[in-house]
Amino acid sequence: HDIDMTFVGPETPLDNGIVDLFRENGLAIFGPTSAAAQIEASKAFAKEFMQRHGIPTAGYRAFEDLEAARAYVEERMGRCVVKADGLAAGKGVAVCVNREDAFAALDEMMGQRRFGVAGERVVIEDLLEGEEASYYAITDGERIVTLAAAQDHKRALDGDVGENTGGMGAYSPAPVFDESVEKRVLEEIVYPAIRGMAAEGCPYQGVLFVGLMIDETGAPHVVEFNVRFGDPETQVLMLQMESDLVPLLESVAHGRLEASESVAWAD
């Protein structure tokens, strides 16, 4: 069909190495390699990567043994976030405010295997306070073009008392994400992540989605990295975008993003 470029939407094909396969066959494709996609595919990998490169994120421990995980929760009085290590379609995250919540989440992930192999290992994080926001950077592994920030409605039920969903609608711009916060996110998170991936031999090419928790002082911490355009935040970003997205994607697919490239946004 003489296809010029392939754009990969979901995370699983990226983790499985579709970009590696296409490039081996000389085909232009937008997205990170399997090695770079680990930053979403494994929560433990992402946390270890952030530790190595001084990127702010919540404290954590990773566990493959259910009883050891329960003992850690008991020690922390149950106030934590429990995450399935692997891909769980934007789910597999439980925000816990007591032991009962945390024990139930561990049993669901590690005991009942609700998320399959994704829950064979879990990451238990400190519970961060603040407002969540999502930020995007398109990169060729060295240069970046930033997009806008958005916020989505993540937890089910009135009062945010339900489990995390994959996102139930979004809005942009994000009021919490002002110029000073954006500057910190770029300097403390985005550029160190791009440089860090390159330094570790797996340069990141594609869109880097940064899930953030921003505290009352404006300090950002990484909640998660995604290796794709997140849903539903991308929907509101595309409605704001006045320039053409495709040339940016093509530039990255061919490895030649220009420093002068940018995105025009509607007022």
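**Entry 1: the start of the chain**

I began with Asp-2, which sits in the segment before β1 (6-7). This is a predicted model, so I read every value below as computed. Phi of Asp-2 is near 55 degrees, a positive value in a residue that is not glycine. I noted this because most residues other than glycine have a negative phi. Is Asp-2 buried or exposed? I found Asp-2 exposed, with a relative accessible area of 72%.

**Entry 2: another positive phi**

Next I looked up Arg-113, in the loop between α6 (99-111) and β6 (122-125). Arg-113 is not a glycine either, yet its phi is positive, about 55 degrees. Its relative accessible area is 39%, so I wrote down Arg-113 as partly exposed.

**Entry 3: cis peptide bonds**

I turned to the peptide bonds, keeping in mind that most peptide bonds are trans. The bond from Ser-172 to Pro-173 is cis, with omega near 0 degrees. I located Pro-173 in the loop between β9 (170-171) and α7 (179-199). The bond from Asp-231 to Pro-232 is cis as well, with omega near 15 degrees. I found Pro-232 in the loop between β11 (220-226) and α8 (233-240).

**Entry 4: aromatic rings**

How many aromatic pairs does a search of the whole structure find? My page says 7. I looked at the pair of Phe-7 and Phe-229: the ring centres are 5.9 Å apart and the planes are at 35 degrees, so I filed the pair as tilted. This pair links distant parts of the chain, with Phe-7 in strand β1 and Phe-229 in the loop between β11 and α8, 222 residues apart. Phe-7 is partly exposed, at a relative accessible area of 39%, whereas Phe-229 is buried, at 12%.

I then followed Phe-229 to a further partner, Tyr-136. Their ring centres lie 5.8 Å apart with planes at 25 degrees, and planes under 30 degrees apart count as stacked, so this pair is stacked. Tyr-136 belongs to strand β7 (residues 131-139) and Phe-229 to the loop between β11 and α8, so the pair ties together parts 93 residues apart in sequence. I checked Tyr-136 for accessibility too: at 0% relative accessibility, Tyr-136 counts as buried.

Stepping back, I saw that ring pairs link Phe-7, Phe-30, Tyr-136, Phe-209 and Phe-229 into a cluster.

**Entry 5: charges over rings**

I also looked for arginines placed over aromatic rings. Arg-52 lies over the face of Phe-45, at 5.9 Å from the ring centre. Arg-70 lies over the face of Phe-103, at 4.1 Å from the ring centre. I marked Arg-70 and Phe-103 for the next entry.

**Entry 6: two helices side by side**

How do α5 and α6 pack? Helix α5 (residues 66-75) packs with α6 at an angle of about 165 degrees, and the axes are 10 Å apart. Angles over 145 degrees count as roughly antiparallel, so I call α5 roughly antiparallel to α6. The crossing of α5 past α6 is right-handed.

Which residues meet here? From α5 I listed Leu-66, Ala-69, Arg-70, Val-73 and Glu-74. They meet Arg-99, Ala-102, Phe-103, Leu-106, Asp-107 and Met-110 of α6. I was pleased to meet Arg-70, in α5, and Phe-103, in α6, again in this list, as Arg-70 is the residue that lies over the face of Phe-103.

Conventions
Residues are numbered from 1 along each chain as its sequence is written. This is a predicted model: local features need pLDDT of at least 70, side-chain atom pairs count only at pLDDT 80 or more; totals for chains, interfaces and linings use all residues. Side-chain values use heavy atoms; hydrogens and water are left out. Helices (H or I, at least four residues) and strands (E, at least two) are DSSP runs, numbered from the N terminus. Buried means under 20% relative accessible area, exposed over 50%, partly exposed in between (1.4 Å probe, protein chains only). Rings of Phe, Tyr and Trp (its six-membered ring) pair if their centres lie within 6.5 Å; planes under 30 degrees apart count as stacked, over 60 as edge-to-face and the rest as tilted. A charge sits over a ring if NZ of Lys or CZ of Arg is within 6 Å of the ring centre and within 35 degrees of the ring normal. Axes are lines fitted to C-alpha atoms, for helices over the stretch in contact, and angles run from 0 to 180 degrees between N-to-C directions. Angles under 35 degrees count as roughly parallel, over 145 as roughly antiparallel, 65 to 115 as roughly perpendicular and the rest as oblique. A crossing is left-handed if the near helix is turned anticlockwise from the far one by less than a right angle, and right-handed if clockwise. Contact means heavy atoms within 4.5 Å.
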